[in-house]
Amino acid sequence: MGHARRTGTTRHRSALLPPRTGTAARRAPASSPRPPHPRPRTTRLRRALLSALLTVAIVTPLAGAARPQIPAPPPAILTAPLTPSTLPSAYEANRKNATEAARMAAVHGDAHRAAADRALAAPSRRLLAFDGRGTGQATEVLGDLTHAEHIAVLVPGSDTTLDTYARFHRAAAALYTHLTHRTGPTHGPAHGPAPRVAVIAWLGYETPATVSTTVTTTTRADEAAPRLRAFVRRLRTLAPAGTHLSLLCHSYGSVVCGRAATGLDADDIALVGSPGTGADSAAALHTRARVWAARGSDDWVADVPHVRAGLFGTTVGFGTDPVSTAFGARVFDAADADHSGYFTPGSASLANLARITLDHPREVTRG
């Protein structure tokens, strides 16, 4: 899911949201006899979802046709296997690739993409991967990966592309800043230096558009899941043995984490602003990781129907609400966070995500 904004008291609603009014909501005239078998709630939700799908099926092709494909070079070919000692050369190779992508985008006349690529090509950026083709993908490291005792991998939701990457980077940077400046009962001069941490912004899959049919199914998540598992395995070879690794999964990114959970070598999985995971419960994720979930009181995703329904051979929706008792996750406090606010500096959700990253479960404030 994406980053819908609120204007006044009106909420922008995703493709998953059913209309508030319609034929299913009208009452029969007083003189009409009541049907002997009221329509089940799941049937009404199916009709609402189908209506939304038909709408976005018309809108999406028109929106996508407005912008031509942006040219970019293929990803950099690394001359040596990725190891702790070759990380600097890998970062450099990917920065050079981003520089060339920026040049090609500028020649193509896309100043916005050129600027986004150019920002990623800056000498201070540490790119584990970069692909400027299409909507683009990038994996960026904040901190020293080879010495990190704690690693957080951020998995983004819909509408996260190279064009919107700056927003994703701000979330990762906010967490990294909080972690490296954190104070508390286990930090400060009396307790020795703060633990070494790294935060990774993993845009390693093609995210769905918020207004699209793909955002209502697990298709993109199923494609992304093996990539995420492979990336985590690679991280384990680059980081010190025993490093605590957390996945912080936002919106549709939580669907990705849910589909990848089985066999994923992670210690904690945190789902924020989640429409569901495609699983009925945390136990059904079949992971050794602790599973956390949170949703702010101002997050519109609360209005998404937490069901799965079959439509034309496709399963729409993601099942049980991750913050519900039925799901069985460790629910933590996100206060009044809206859908885009879970990594806002000073927020309760950011503080709790930092505690999860640092493996301090007892300090996490529960929701």
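Mentor: Let's start with the sulfurs: Cys249 and Cys257 form a disulfide, with their sulfur atoms 2.1 Å apart. Keep in mind that this is a predicted model.

Trainee: What is a disulfide, in general terms?

Mentor: It's a covalent bond between the sulfur atoms of two cysteines. In a model we go by distance, and sulfur atoms within 2.5 Å count as a pair. Here Cys249 and Cys257 are at 2.1 Å.

Trainee: How many disulfides does that rule give?

Mentor: The count comes to one.

Trainee: Which hand does the disulfide of Cys249 and Cys257 have?

Mentor: Look at the torsion about the S-S bond. For Cys249 and Cys257 that torsion is about -90°, so the disulfide is left-handed.

Trainee: Is Cys249 buried or exposed?

Mentor: Burial is read from relative accessibility, and under 20% is called buried. Cys249 has 0%, so it counts as buried. Cys257 is likewise at 0% and counts as buried.

Trainee: Cys257 also turns up in a helix contact. Which residues of H5 and H6 meet?

Mentor: From H5 (residues 219-238) you have Thr219, Arg220, Ala221, Asp222, Ala224, Ala225, Leu228 and Arg229. They meet Tyr252, Val255, Val256, Cys257, Arg259 and Ala260 in H6. Sorted by class, the H5 contact with H6 has nine nonpolar, one polar and four charged residues.

Trainee: And at what angle do H5 and H6 pack?

Mentor: H5 and H6 (residues 252-260) pack at about 60°, with their axes 8 Å apart. That makes H5 oblique to H6. The crossing itself is right-handed.

Trainee: What does Arg220 touch, leaving out residues up to four places away in sequence?

Mentor: Arg220, found in helix H5, touches Tyr205, Glu206, Thr207, Pro208, Thr214 and Tyr252. Its relative accessible area is 17%, so Arg220 is buried.

Trainee: Let me try another pair. How are H4 and H7 placed relative to each other?

Mentor: H4 (residues 165-180) and H7 (residues 348-357) pack at about 65°, and their axes are 10 Å apart. Roughly perpendicular begins at 65 degrees, so H4 and H7 get that label. Their crossing is right-handed.

Trainee: Which residues make the contact between H4 and H7?

Mentor: Ala174, Leu175, His178 and Leu179 in H4 meet Leu350, Ala351, Leu353, Ala354 and Thr357 in H7. By class, the contact of H4 with H7 has seven nonpolar residues, two polar and no charged.

Terms used: Residues are numbered from 1 along each chain as its sequence is written. This is a predicted model: local features need pLDDT of at least 70, side-chain atom pairs count only at pLDDT 80 or more; totals for chains, interfaces and linings use all residues. Side-chain values use heavy atoms; hydrogens and water are left out. Axes are lines fitted to C-alpha atoms, for helices over the stretch in contact, and angles run from 0 to 180 degrees between N-to-C directions. Helices (H or I, at least four residues) and strands (E, at least two) are DSSP runs, numbered from the N terminus. Angles under 35 degrees count as roughly parallel, over 145 as roughly antiparallel, 65 to 115 as roughly perpendicular and the rest as oblique. A crossing is left-handed if the near helix is turned anticlockwise from the far one by less than a right angle, and right-handed if clockwise. Contact means heavy atoms within 4.5 Å. Ala, Val, Leu, Ile, Met, Phe, Trp, Tyr, Cys and Pro count as nonpolar, Asp, Glu, Lys and Arg as charged, and the others, Gly among them, as polar. Buried means under 20% relative accessible area, exposed over 50%, partly exposed in between (1.4 Å probe, protein chains only).
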